[in-house]
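Biologist: I would like to learn how to read a model like this one. Could we take its features one at a time?

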There are 2 protein chains.
Amino acid sequence: MRPLILVTNDDGIVAPGIRALVEVASELGDVVVVAPDSPQSGKGHAITIHDPLRLNKVKVFPGIEAYECSGTPVDCVKIARYVVLKDRTIDLCVSGINHGNNLSISILYSGTLSAAMEGSLEGIRSIGFSLDNYSFDADFEPSKPWVRRVMEHSLAKPFQPGTLLNVNLPNLPADLIRGLKVCRQADDRWVEKFQEGRDPRGQPYYWLGGQYLTMDDGTDTDVWAVKNGYVAVVPAMHDLTNYRAMADLQVLENPAGR
Amino acid sequence: MRPLILVTNDDGIVAPGIRALVEVASELGDVVVVAPDSPQSGKGHAITIHDPLRLNKVKVFPGIEAYECSGTPVDCVKIARYVVLKDRTIDLCVSGINHGNNLSISILYSGTLSAAMEGSLEGIRSIGFSLDNYSFDADFEPSKPWVRRVMEHSLAKPFQPGTLLNVNLPNLPADLIRGLKVCRQADDRWVEKFQEGRDPRGQPYYWLGGQYLTMDDGTDTDVWAVKNGYVAVVPAMHDLTNYRAMADLQVLENPAGR
């Protein structure tokens with residue numbers, strides 16, 4: 001039996017990046033798409049609690065069962081798991097291919113990666129894919145063999161519990177991609193700048209802009225790999241505990257004089 | 001000079017929980033509040049990219065500089081850092097007190113904790129506080145001495161880089177709180193159930209509901225601590241790399257036959 005592959009993203013169901021991902025996935029298994037009906041970049045791990053969601057079957061990819069959902073990427077994975085595919089076992093959950101990289105701490109803000117994180121919480125082997133090109137017209141062809149290689153490996157080998165893969169692809173022609181590196185998440189930052197202005201009614205507004213700041217000069221990071229022409233694969237996880245910091249806090253349990 | 005303490009939350013600026021936090025914080029330092037103008041529960045690490053934000057000075061807490069912001073909790077921290085307090089050094093960022101716990105993987109979905117995570121990314125010692133009572137009328141008085149103890153410790157001792165604290169308070173009278181435990185994040189899950197219905201126009205909708213599923217039977221977890229009457233303190237971090245999973249993936253770098 002062919003594996004069942006759930007495909008989602010955060011750029012919305014009509015983005016070219018998800019089409020590329022559906023094309024690769026449908027070579028490897030039976031594909032069901034549940035993706036946002038509008039762009040959901042930067043939604044992180046947001047879920048929709050206070051409002052109902054809409055879910056509509058759509059014909060976007062020839063021969064592929066597909067649904068658009070009004071929620072966030074994490075909502076899409078939840079509604080796929082508990083409504084659309086409630087009676088079937090999902091073998092692989094793939095998200096993307098994002099238009100733009102999700103390197104370093106961008107994993108925290110990225111709807112693409114949060115969807116994969118949610119898949120991993122459901123015990124599904126899950127992968128987020130991102131191309132280092134923010135343009136709508138980005139060329140996803142050179143990425144496809146690498147996406148396929150990571151997906152084939154993921155279908156063949158179990159993941160450690162609670163682990164997902166964050167895969168970033170360099171924006172290069174096929175012959176200039178140098179290979180693949182297993183990496184750690186670089187410890188870089190975003191420095192924000194708010195555009196301040198006045199709306200047509202004279203009321204002030206603030207619009208978030210940001211600049212990426214490279215701080216981590218390691219050569220074992222996802223940022224280094226993509227900058228040097230490699231596909232970066234970071235195994236990520238949902239246990240955020242900083243075990244090394246626990247000893248520093250023991251004093252809180254037994255403060256002096258109590 | 002008194003330390004500068006930024007206070008935010010995800011339940012919105014008029015929630016009783018943030019009032020309790022402001023009261024404790026103003027005993028320890030100069031307080032500035034930048035909090036959402038509406039409930040933002042479950043927003044995770046979402047940021048607002050495609051729309052401008054609004055920021056209004058408000059008089060909500062007697063004698064305290066306070067602003068309401070139209071964005072997510074993470075937006076609030078960013079606009080506090082880069083607009084409201086751009087010329088001042090923030091010594092501590094505290095978020096909450098959330099109406100309801102943020103134990104185990106709830107840290108991923110919680111706006112309260114994502115605000116603290118964002119503070120930690122800015123190099124600010126940051127803490128998220130949550131009370132194990134979802135009610136608007138929850139009693140925050142018994143929590144206050146514990147909130148104060150954790151804040152005093154945090155003002156006195158530097159945090160490890162990139163670390164924040166996730167503090168969950170049991171919903172007990174003061175004399176029944178047994179103490180404080182430094183914990184790891186429990187590895188539990190949410191099992192979702194969607195309420196399915198029809199809107200007034202006959203269109204189907206799906207509304208996310210969920211049930212918490214205890215899977216981790218460790219006695220060193222945040223869930224165990226709160227259930228047993230302790231304040232749970234989990235040091236959390238933004239490096240999601242699963243270092244132990246890296247070896248499993250080496251084969252991807254050099255697949256057989258290439």
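Modeller: Start with the word contact: two residues are in contact if their C-beta atoms, placed from the backbone, lie within 7 Å. Keep in mind that this is a predicted model.

Biologist: Which residues is A:Lys181 in contact with, leaving aside its neighbours within four places in sequence?

Modeller: They are A:Ala225, A:Tyr230, A:Ala232 and, from the other chain, B:Glu253. A:Lys181 itself sits in strand 8 of chain A, residues 179-182.

Biologist: Is A:Lys181 buried or exposed?

Modeller: A residue is called buried if 20 or more other C-beta atoms lie within 10 Å of its own. A:Lys181 has 22 other C-beta atoms within 10 Å, so A:Lys181 is buried. A:Asp222 is 41 residues away from A:Lys181 along the chain, with 8.0 Å between their C-alpha atoms.

Biologist: How is chain A laid on chain B?

Modeller: A turn of 180° with a shift of 0.0 Å along the axis does it, and the RMSD is 0.0 Å. The two copies are thus related as by a two-fold rotation axis.

Biologist: How many residues does the contact take from each chain?

Modeller: Chain A gives 68 residues and chain B gives 68 residues. On the side of chain A that touches chain B, 36 are nonpolar, 17 polar and 15 charged. Of the interface residues of chain A, 100% are also interface residues in chain B, so the copies meet through the same surface.

Biologist: Now the sheet. What is the order of the strands in the open sheet of chain A?

Modeller: A sheet is read strand by strand across its pairings. Here nine strands follow the order 3-4-2-1-5-6-7-11-8, with mixed pairing. Strand 3 (55-58) and strand 8 of chain A are the edge strands, each pairing on one side only. On average, neighbouring strands of this sheet are turned by 20° against each other, direction ignored. Helix 4 of chain A, residues 111-121, packs on the sheet and touches strands 1, 5, 6 and 7 of chain A. The direction of helix 4 makes about 170° with that of strand 6 of chain A.

Biologist: How do I read the pairing around strand 4 of chain B?

Modeller: Take its partners in turn. Strand 2 (residues 30-36) of chain B runs parallel to strand 4 of chain B and is joined to it by five bridges; B:Pro36 stands opposite B:Cys69 there. Strand 3 (residues 55-58) of chain B runs antiparallel to strand 4 of chain B, with four bridges, and B:Leu55 has B:Cys69 as its bridge partner. Strands 3 and 4 of chain B form a hairpin with six residues between them, and B:Gly63 in the turn has a positive phi of about 75°. Strand 4 of chain B (residues 65-69) is mostly covered, with four of its five residues buried.

Biologist: Which residues have the most contacts inside the largest nonpolar core?

Modeller: In soluble globular proteins, nonpolar side chains tend to be buried together. The largest nonpolar core here has 160 residues, and those with the most contacts inside it are A:Leu21, A:Val34, A:Val233, B:Leu21, B:Val34 and B:Val233. Leaving aside neighbours within four places in sequence, B:Val34 is in contact with residues including B:Leu6, B:Tyr67, B:Cys69 and B:Ile79.

Terms used
Residues are numbered from 1 along each chain as its sequence is written. Chains are lettered from A and ligands numbered from 1 in the order in which they are written. This is a predicted model: local features need pLDDT of at least 70, side-chain atom pairs count only at pLDDT 80 or more; totals for chains, interfaces and linings use all residues. Copies are superposed by least squares on the C-alpha atoms of residues with pLDDT of at least 70 in both. Helices (H or I, at least four residues) and strands (E, at least two) are DSSP runs, numbered from the N terminus. A residue is buried if 20 or more other C-beta atoms lie within 10 Å of its own, exposed if 12 or fewer, and partly exposed in between; C-beta atoms are placed from the backbone. Ala, Val, Leu, Ile, Met, Phe, Trp, Tyr, Cys and Pro count as nonpolar, Asp, Glu, Lys and Arg as charged, and the others, Gly among them, as polar. Two strands pair if DSSP finds at least two bridges between them. Axes are lines fitted to C-alpha atoms, for helices over the stretch in contact, and angles run from 0 to 180 degrees between N-to-C directions. A nonpolar core is a set of buried Ala, Val, Leu, Ile, Met, Phe, Trp, Tyr and Cys residues joined through C-beta atoms within 7 Å.
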